[in-house]
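Have the viewer open as you read.

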Amino acid sequence: MATWYDTLRKPAFTPPKNVFGPVWSILYIFIFASLAVYFLTPVKHNLIPVTILLLIHFTASFSWTQLFFKQKRVLIALIDLVIIDCTLIAIIILFFQTSILAALLLLPYLGWGIFAAYINWGIYRLNPEPPETGKNSNIT
């Protein structure tokens, strides 16, 4: 059975669906390792700004799937991805001041986030949203 995502036109270099699971499994390991290194470092610079940015970042990150797949709001999901990528860049910069390793461990995640924004932008550009998309869409 074709899903809504399967029916979308996608930009060049969009990986097959079965690539996303393994990539995210690896990224979660890197993200966890980065957070562990940062929070286990005895002297943490910028702890309050880092914590606030992490809360914003992970809230936006967990919202993306809902926005894109459930609500089918491709443009709003793209804006959410920009927030994800911008907060991640700020987190990497702040982590760098405490632990170079913690910062470097987040670089693959940033690369994937930028790539995800490219895919999301391409889907938005190739599949113009009708005004009612995401509100009363019956496509599953």
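Helices here are DSSP runs of H or I with at least four residues (strands, E, need at least two), numbered from the N terminus, and the expected span of a helix is 1.5 Å times one less than its number of residues. Before using that, keep in mind that this is a predicted model: local features need pLDDT of at least 70, side-chain atom pairs count only at pLDDT 80 or more, and totals for chains, interfaces and linings use all residues. Residues are numbered from 1 along each chain as its sequence is written, and side-chain values use heavy atoms, with hydrogens and water left out.

Start with helix H2, residues 17–40. Its 24 residues reach 35 Å from the first C-alpha to the last, close to the 34 Å expected at 1.5 Å a residue. Leu-27, Ile-31, Ser-34 and Tyr-38 of H2 are buried (buried is under 20% relative accessible area, exposed over 50%, partly exposed in between, with a 1.4 Å probe and protein chains only). The cover over those buried residues includes H3, H4, helix H5 (100–105) and helix H6 (107–126).

Over in helix H3 sits Ser-61, which is buried at 19% relative accessible area. Setting aside neighbours within four places in sequence, Ser-61 is in contact (heavy atoms within 4.5 Å) with Asp-80, Ile-84 and Tyr-109.

Now for the rings. Rings of Phe, Tyr and Trp (its six-membered ring) pair if their centres lie within 6.5 Å; planes under 30 degrees apart are stacked, over 60 edge-to-face, and the rest tilted. By this rule there are 15 aromatic pairs. Trp-24 and Tyr-109 make an edge-to-face pair, because their ring centres are 5.9 Å apart and the planes sit at 70°. This pair links distant parts of the chain, with Trp-24 in helix H2 and Tyr-109 in helix H6, 85 residues apart. Trp-24 is partly exposed at 25%, while Tyr-109 is buried at 5%. Phe-115 and Tyr-118, by contrast, are stacked, with centres 6.0 Å apart and planes at 20°. They are three residues apart in helix H6, so about one helical turn separates them. There's also an aromatic cluster made of Trp-4, Tyr-5, Trp-64, Phe-68 and Phe-69.

Finally, which residues form a nonpolar patch on the surface? Ile-48, Ile-52, Ile-56, Ile-76, Ile-79 and Ile-83 do, with about 530 Å² of accessible area together. Helix H3 (47–70) and helix H4 (74–98) each give two or more residues to the patch. Patch members have over 30% relative accessible area and no salt bridge, with like charges joined within 9 Å and nonpolar side chains (Val, Leu, Ile, Met, Phe, Trp, Tyr) within 5 Å. A salt bridge is a Lys or Arg side-chain nitrogen within 4 Å of a carboxyl oxygen of Asp or Glu, and accessible areas come from the Shrake-Rupley method with a 1.4 Å probe, where for residues only the protein chains shown count as cover.
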